[in-house]
Amino acid sequence: MDIEQLLSTITPDAYERLLYAVETGKWPEGTTLTPEQRDNAVQVVMLYQSRHNTEPQHMTVAAGGDITMKSKAQLKREFAPNQETIVQTKLSEE
(Lines give C-alpha, C1' and ligand atoms only; values in the text may rest on other atoms or scores of the structure.)
Protein backbone atom coordinates (compact mmCIF):
# COMPACT_ATOMS: atom_id res chain seq x y z
CA MET A 1 0.00 0.00 0.00
CA ASP A 2 1.42 3.39 -0.94
CA ILE A 3 1.13 6.57 1.16
CA GLU A 4 -1.82 7.99 -0.77
CA GLN A 5 -3.80 4.76 -0.36
CA LEU A 6 -2.96 4.65 3.32
CA LEU A 7 -4.03 8.24 3.93
CA SER A 8 -7.28 7.77 2.01
CA THR A 9 -8.27 4.91 4.33
CA ILE A 10 -7.70 6.78 7.61
CA THR A 11 -10.93 8.14 9.06
CA PRO A 12 -10.95 11.03 11.56
CA ASP A 13 -11.83 8.49 14.28
CA ALA A 14 -8.86 6.29 13.34
CA TYR A 15 -6.62 9.38 13.37
CA GLU A 16 -7.83 10.28 16.89
CA ARG A 17 -7.05 6.74 18.08
CA LEU A 18 -3.58 6.91 16.55
CA LEU A 19 -2.96 10.36 18.04
CA TYR A 20 -4.02 9.13 21.48
CA ALA A 21 -1.70 6.13 21.13
CA VAL A 22 1.23 8.33 20.13
CA GLU A 23 0.63 10.78 22.98
CA THR A 24 0.13 8.19 25.72
CA GLY A 25 1.99 5.10 24.49
CA LYS A 26 -1.22 3.08 24.86
CA TRP A 27 -4.21 2.27 22.69
CA PRO A 28 -7.49 3.73 23.97
CA GLU A 29 -8.34 0.27 25.38
CA GLY A 30 -5.19 0.42 27.54
CA THR A 31 -2.87 -1.96 25.67
CA THR A 32 0.70 -0.67 25.50
CA LEU A 33 2.14 -0.03 22.03
CA THR A 34 5.20 -1.94 20.96
CA PRO A 35 8.16 0.24 19.87
CA GLU A 36 7.40 -0.68 16.25
CA GLN A 37 3.72 0.27 16.60
CA ARG A 38 4.66 3.60 18.17
CA ASP A 39 7.14 4.38 15.38
CA ASN A 40 4.58 3.55 12.72
CA ALA A 41 1.80 5.46 14.48
CA VAL A 42 3.99 8.59 14.76
CA GLN A 43 4.70 8.46 11.03
CA VAL A 44 1.04 8.01 10.13
CA VAL A 45 -0.06 10.83 12.46
CA MET A 46 2.49 13.20 10.93
CA LEU A 47 1.45 12.24 7.39
CA TYR A 48 -2.23 12.65 8.22
CA GLN A 49 -1.59 16.05 9.81
CA SER A 50 0.42 17.15 6.78
CA ARG A 51 -2.67 16.64 4.62
CA HIS A 52 -5.56 17.56 6.92
CA ASN A 53 -4.35 19.82 9.75
CA THR A 54 -5.67 23.23 8.65
CA GLU A 55 -5.56 24.73 12.18
CA PRO A 56 -2.29 23.44 13.60
CA GLN A 57 -1.52 23.64 17.29
CA HIS A 58 1.93 24.25 18.74
CA MET A 59 4.44 21.61 17.59
CA THR A 60 2.16 19.84 15.12
CA VAL A 61 2.46 19.30 11.39
CA ALA A 62 0.31 21.74 9.41
CA ALA A 63 -1.39 20.98 6.12
CA GLY A 64 1.38 21.23 3.55
CA GLY A 65 3.91 19.56 5.83
CA ASP A 66 5.26 22.56 7.78
CA ILE A 67 5.86 22.08 11.49
CA THR A 68 4.05 24.77 13.44
CA MET A 69 5.97 26.25 16.32
CA LYS A 70 4.40 29.11 18.21
CA SER A 71 6.26 31.56 20.40
CA LYS A 72 5.50 31.84 24.09
CA ALA A 73 3.76 35.17 23.42
CA GLN A 74 1.52 33.60 20.75
CA LEU A 75 0.55 30.79 23.09
CA LYS A 76 -0.21 33.25 25.89
CA ARG A 77 -2.46 35.26 23.55
CA GLU A 78 -4.34 32.10 22.60
CA PHE A 79 -4.93 31.05 26.20
CA ALA A 80 -5.19 34.43 27.92
CA PRO A 81 -8.76 35.27 26.81
CA ASN A 82 -10.03 32.00 28.31
CA GLN A 83 -8.19 32.61 31.57
CA GLU A 84 -9.53 36.15 31.87
CA THR A 85 -13.07 34.85 31.41
CA ILE A 86 -12.61 32.26 34.14
CA VAL A 87 -11.12 34.81 36.54
CA GLN A 88 -13.82 37.36 35.78
CA THR A 89 -16.53 34.74 36.30
CA LYS A 90 -15.10 33.66 39.65
CA LEU A 91 -14.74 37.27 40.83
CA SER A 92 -18.29 38.15 39.83
CA GLU A 93 -19.61 35.08 41.70
CA GLU A 94 -17.99 36.16 44.97
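**Helix α3**

I began with α3, whose 18 residues reach 26 Å from the first C-alpha to the last, close to the 26 Å expected at 1.5 Å a residue. The expected span is 1.5 Å times one less than the number of residues in the helix. I took helices (H or I, at least four residues) and strands (E, at least two) as DSSP runs, numbered from the N terminus.

I noted the basis of the model: it is predicted, local features need pLDDT of at least 70, side-chain atom pairs count only at pLDDT 80 or more, and totals for chains, interfaces and linings use all residues. Residues are numbered from 1 along each chain as its sequence is written, and side-chain values use heavy atoms, with hydrogens and water left out.

**The whole chain**

I looked up the elements and found four helices and two strands. Along the sequence they run α-α-α-β-β-α. Of the 94 residues in the chain, 24% are buried; buried means under 20% relative accessible area, exposed over 50%, and partly exposed in between (1.4 Å probe, protein chains only). I read an accessible surface of about 7,200 Å² for the chain, with 55% of it belonging to carbon and sulfur atoms. These areas come from the Shrake-Rupley method with a 1.4 Å probe, and for residues only the protein chains shown count as cover. I then checked contacts, meaning heavy atoms within 4.5 Å. Among those between residues at least 6 apart in sequence, 23% join residues at least 24 apart.

**Buried residues of α3**

I listed the buried residues of α3 as A41, V44, V45, Y48, Q49 and S50. Q49 sits in this helix, which covers residues 35-52. Its relative accessibility is 7%, so Q49 counts as buried. The side chain of Q49 makes a polar contact with the side chain of Y15 at 3.0 Å. A polar contact is a pair of N or O atoms within 3.5 Å; within protein, one must be able to donate a hydrogen and the other to accept it, and residues adjacent in sequence count only if both atoms are side-chain atoms.

S50 is also in α3, and it counts as buried because its relative accessibility is 14%. I found a polar atom of the S50 side chain 2.6 Å from the backbone oxygen of L47.

**The aromatic pair**

I searched for aromatic pairs and found one. The ring centres of Y15 and Y48 are 4.4 Å apart and their planes stand at 20°, so the pair is stacked. The pair links distant parts of the chain, with Y15 in helix α2 (residues 12-24) and Y48 in helix α3, 33 residues apart. For the terms, rings of Phe, Tyr and Trp (its six-membered ring) pair if their centres lie within 6.5 Å; planes under 30 degrees apart count as stacked, over 60 as edge-to-face and the rest as tilted. Both Y15 and Y48 are buried.

**The core**

I looked next at the largest nonpolar core, which has 13 residues; I10, Y15, L18 and V45 have the most contacts inside it. The elements giving two or more residues to this core are α2 and α3, and α2 gives the most, with five residues. A nonpolar core is a set of buried Ala, Val, Leu, Ile, Met, Phe, Trp, Tyr and Cys residues joined through side-chain atoms within 4.5 Å.

Leaving aside neighbours within four places in sequence, I10 is in contact with Y15, V44 and Y48.

**V22**

V22 is buried, at 15% relative accessible area. Beyond its neighbours within four places in sequence, V22 is in contact with R38, A41, V42 and V45.
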